[in-house]
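Trainee: I am new to this structure and would like to learn how to read its features one by one. Could you take me through them slowly?

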Amino acid sequence: MLRKTLIISQMLLTALAAEAHIEPPRSVAERETLLSSRKKYREAGVMKSTAMQVGTDGNNRKLAEWIYDTQGRESNIVMFDAKDETKTYITQTYDRQGNLVLDADRDEEGRILEMNVLEYNDLTLIKRIVSYDSSLRISGILEYTYLTDTVLATKFKPDFSIQYTILYTFEDGKNTGAIQRDASGKLIIRTINRFGNDGLRSAKEVYNAADKLDYYFTYSYNAAGDFFKIEKCNPDKTLQRTDIYTYNAKGLLETIEVTGADRKLIMRRAYNYTYVTD
């Protein structure tokens with residue numbers, strides 16, 4: 001998980017960021033959003049979802065499958081390679097409060113590739129993530145310190161020296177930005193999230209190590225408050241790419257279509273679902 005979602009440079013800086021793992025909540029509002037998502041899947045009776053890469057030549061490739069428990073939580077994820085063969089299994093285990101406490105990547109033979117053990121505070125917000133490598137040696141520790149309207153995430157190496165820090169800022173429970181620095185305090189990347197009057201994020205600005213705007217995203221939503229369109233733009237406001245989202249009758253993600261600056265199709269991803277009633 002640490003290598004896939006918790007490093008800020010990999011956190012939704014593209015609309016199609018890695019979907020294999022869920023980032024634990026760092027605020028009560030983020031936890032409520034997570035619970036709302038689980039409720040949607042539970043009430044829809046989703047047992048499994050499959051992501052397919054839709055080829056322009058008519059050939060589709062399976063990317064991943066998610067298996068859900070009766071509470072709408074992801075319990076198993078299967079990642080596929082270019083030949084539609086299983087590449088990685090991800091198992092997720094929860095405690096009685098519904099917190100993700102164990103996240104393990106395994107190869108097709110069942111051998112551990114990476115494992116993460118998660119701990120939470122009294123508010124059921126993430127407190128610590130300890131990562132282990134394939135030999136079950138500690139490969140990193142990520143600790144969260146909660147301050148007034150900020151959360152400091154500190155990543156430690158196996159020798160317990162600091163690798164980097166991320167300072168998240170919050171307003172009314174919403175993440176308004178983050179700053180990642182290396183062990184010496186040098187800036188790595190900085191983001192700013194902007195929100196509209198409806199409480200939904202309207203833009204995300206990404207600044208580089210020189211603290212100059214690198215690119216930014218704009219967001220628009222459908223009536224249900226789900227993504228409709230995400231645009232990635234250059235600092236001069238020229239377009240880099242556009243992602244369009246569609247949903248099925250149950251309000252679940254159905255397709256993501258990506259076009260470039262020239263509006264030509266780059267990629268299309270489709271999602272299929274298996275329900276309890278099927």
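This is a predicted model: local features need pLDDT of at least 70, side-chain atom pairs count only at pLDDT 80 or more; totals for chains, interfaces and linings use all residues.

Trainee: How many cavities of 30 Å³ or more does the structure hold, and what is the volume of the largest cavity?

Mentor: The structure holds 1 cavity of 30 Å³ or more, and the volume of the largest cavity is about 70 Å³. Of the 11 residues that line this largest cavity, Pro24, Leu34, Arg38, Leu100 and Tyr120 are the closest to its centre. Sorted by class, the lining consists of 7 nonpolar, 1 polar and 3 charged residues.

Trainee: Which residues have the most contacts inside the largest nonpolar core?

Mentor: The general idea is that nonpolar side chains tend to be buried together in soluble globular proteins. In this structure, the largest nonpolar core has 25 residues, and Val46, Trp66, Leu252, Tyr271 and Tyr273 are those with the most contacts inside it. At least two residues of this core come from each of several elements, among them helix H2 (28–44), strand S1 (46–54), strand S2 (60–68) and strand S18 (265–275). There is also a second, separate core of 15 residues, which includes Tyr120, Val151, Ala153 and Phe170.

Trainee: How many bridges join strand S7 to strand S8, and how many join S8 to strand S9?

Mentor: To read a pairing, look at the direction of the strands, then at the partners, and then at the turn. Strand S7 (residues 126–132) and strand S8 (residues 138–147) run antiparallel and are joined by 5 bridges, with valine 130 having isoleucine 141 in S8 as its bridge partner. The hairpin they form has 5 residues between the strands, and leucine 136 in the turn has a positive phi of about 60°. S8 is also joined to strand S9 (residues 150–156) by 7 bridges, again in the antiparallel sense, and here isoleucine 141 has phenylalanine 156 in S9 as its bridge partner. In the hairpin of S8 and S9, which has 2 residues between the strands, aspartate 149 takes a positive phi near 60°.

Trainee: Where does lysine 237 lie, and is it buried or exposed?

Mentor: Lysine 237 is found in the loop between strand S15 (227–233) and strand S16 (239–247), and it has a positive phi of about 75° although it is not a glycine. With a relative accessible area of 67%, lysine 237 counts as exposed because the cut-off for that word is over 50%. The strands on either side, S15 and S16, pair in the antiparallel sense over 5 bridges, and glutamate 231 stands opposite threonine 242 in S16.

Trainee: Is threonine 259 buried or exposed, and which residues does it touch?

Mentor: Threonine 259, which has its place in strand S17, has a relative accessible area of 13% and is therefore buried, since buried means under 20%. Leaving aside residues up to four places away in sequence, threonine 259 touches Gln240, Arg241, Thr242, Lys264, Leu265 and Ile266. S16 and S17 pair in the antiparallel sense over 7 bridges, and arginine 241 stands opposite glycine 260 in S17. The hairpin of S16 and S17 has 5 residues between the strands, and glycine 251 takes a positive phi near 80° there.

Key. Residues are numbered from 1 along each chain as its sequence is written. Side-chain values use heavy atoms; hydrogens and water are left out. A nonpolar core is a set of buried Ala, Val, Leu, Ile, Met, Phe, Trp, Tyr and Cys residues joined through side-chain atoms within 4.5 Å. Buried means under 20% relative accessible area, exposed over 50%, partly exposed in between (1.4 Å probe, protein chains only). Helices (H or I, at least four residues) and strands (E, at least two) are DSSP runs, numbered from the N terminus. Two strands pair if DSSP finds at least two bridges between them. Contact means heavy atoms within 4.5 Å. On a 1 Å grid over the protein atoms alone, a cavity is a set of points where a 1.4 Å probe fits but cannot get out, and a pocket is an open set with protein on both sides within 12 Å along at least five of seven lines; lining residues have an atom within 4 Å of a point. Grid points are joined across faces, edges and corners, and a volume is the space filled by probe spheres set on the points. Ala, Val, Leu, Ile, Met, Phe, Trp, Tyr, Cys and Pro count as nonpolar, Asp, Glu, Lys and Arg as charged, and the others, Gly among them, as polar.
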